[in-house]
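Visitor: I am new to this structure. Please take one part of it and go through that part closely.

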Amino acid sequence: MEKGLIQFTPKGMYVPLADVYIDPAAAVDKAFLTHAHSDHARPGSTLYFAHAQSVPILKHRLGNPAINAYSYGESMLVNGVKFSFHPSGHVPGSAQIRVEYKGEVWVAAGDYKIENDGLSIPFEPVKCHTFITESTFGLPIYQWQKQELIFNEINEWWKANQERKMASVIFAYSLGKAQRILQNVNHEIGEIYVHGSIANMNEACEQAGFKLKPWKILNSGVGKDLTRTALIIAPPSAAGTPWLNKLEPYSDAVASGWMAVRGSRRRLSTDRGFVLSDHADWDGLNWAVKESKAQNIIVSHGFTQAFARHLQENGLNALEEELIRVNY
Ligand SMILES: [Zn+2]
């Protein structure tokens, strides 16, 4: 398999026949991007290929580079190799990348989740011969509850804080998680304010065509009488910083899949932790692998060894990405 359609190099996934990289770790000539998170979309490449909905976000994050934009399912040829983007349900504009040459099909799923989050276009299985899957939560202990239950918990926490005249501050990644919270909490409880970095992402998502529910930027002009009843969405980097001082008294919480791990909330020293992930859980990963109908599975990003072994035990040709890296 090391001579496959997609190879794993120190710069990232590489399609030698087309001379393009997928989510490269360094600047290259042609970079296909699965989504706009900073560990997948890095600056400096000459030309980017991405799903149209992620273009405003990429322009904001990468400093207005050249980007060829495509819709889901639209295909294009690079040196005779056929590429297309398909929904991965991870964050706004995220995509699996399908690569086809002479009837052989590989899919690089990027980051993905199965549950419809009410924001991103939901994950769609794409049939292929070789499926490259992440494994961020690739252990059987990771089993997500339906998001409705998690949002009920967040709503109840918010209401309880209001009764005590405390602001509610929830920490969430600025792209994806923040907007997912905005779309799914109960807006009848109160107003929603966001940190400046999330305001930038909200604006980029709105430019990309996402219709977000009402939100306001939290700036120095917003008084305590307003924030005390509000839900405030801030990036994890704001936790424990002086930015929070003006919100006293407040209760804080973090929304992340890692909240399923015992001790995570204590380490972050927030009052609450809500288990909400933009990645597939154990059942979701297994479902996606099955639906791809692929015989060859390459497992990357996470619990690669454990998940690859599990797939092997189920009769699939599964390999850990780390073990098939080539050095050029
Ligand atoms: Zn991501």
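Guide: Ring pairs join Phe32, Phe49, Tyr70, Phe83 and Phe85 into a cluster. The model is a predicted one, and it holds 17 aromatic pairs. A pair of aromatic rings is described by two values, the distance of the centres and the angle of the planes.

Take Phe32 and Phe49 to begin with. Their ring centres lie 4.3 Å apart and their planes stand at 0°, so this pair is stacked; the cut-off for that word is an angle under 30 degrees. The two residues belong to distant parts of the chain, 17 residues apart. Phe32 sits in strand S4, which covers residues 30-32, and Phe49 sits in strand S5, which covers residues 47-51. Both Phe32 and Phe49 are buried.

Phe32 has a further partner in Phe85. Here the distance is 5.9 Å from centre to centre, with 20° between the planes, and the pair of Phe32 and Phe85 is again stacked. This pair also links distant parts of the chain: Phe85 lies in strand S8, residues 81-87, and is 53 residues from Phe32. Phe32 counts as buried because its relative accessibility is 0%, where buried means under 20%. Phe85 has a relative accessible area of 0% and is therefore buried.

Asn64 is placed in the loop between helix H1 (55-62) and strand S6 (67-70). Its relative accessibility is 54%, so Asn64 counts as exposed, a word used for values over 50%. The C-alpha atom of Asn64 is 9.7 Å from that of Pro43, a residue 21 positions away along the chain.

Arg262, Arg265, Arg266, Arg267 and Arg272 form a positive surface patch. Helix H6, residues 264-268, supplies the largest share of this patch, three residues. Arg272, another member of the patch, is found in strand S17, residues 272-274. With a relative accessible area of 33%, Arg272 is partly exposed.

To return to the part examined here: the cluster consists of Phe32, Phe49, Tyr70, Phe83 and Phe85, and the pair of Phe32 and Phe49 in it is stacked, as is the pair of Phe32 and Phe85.

Technical notes. Residues numbered from 1 in each chain as written. Predicted model: local features only at pLDDT ≥ 70, side-chain atom pairs only at ≥ 80, totals over all residues. Heavy atoms only, no water. Patch = residues over 30% accessible without salt bridge, like charges linked within 9 Å, V, L, I, M, F, W, Y side chains within 5 Å. Areas by Shrake-Rupley, 256 points an atom, 1.4 Å probe, with all protein chains shown as cover. Salt bridge = Lys/Arg side-chain N within 4 Å of Asp/Glu carboxyl O. Lys, Arg positive; Asp, Glu negative; His and termini not counted. Charge placed at Lys NZ, Arg CZ, Asp CG, Glu CD. Helix = DSSP H or I, 4+ residues; strand = E, 2+ residues; numbered from the N terminus. Buried < 20%, exposed > 50% of the residue type's maximum accessible area, 1.4 Å probe, protein only. Phe/Tyr/Trp six-rings, centres within 6.5 Å; stacked < 30°, edge-to-face > 60°.
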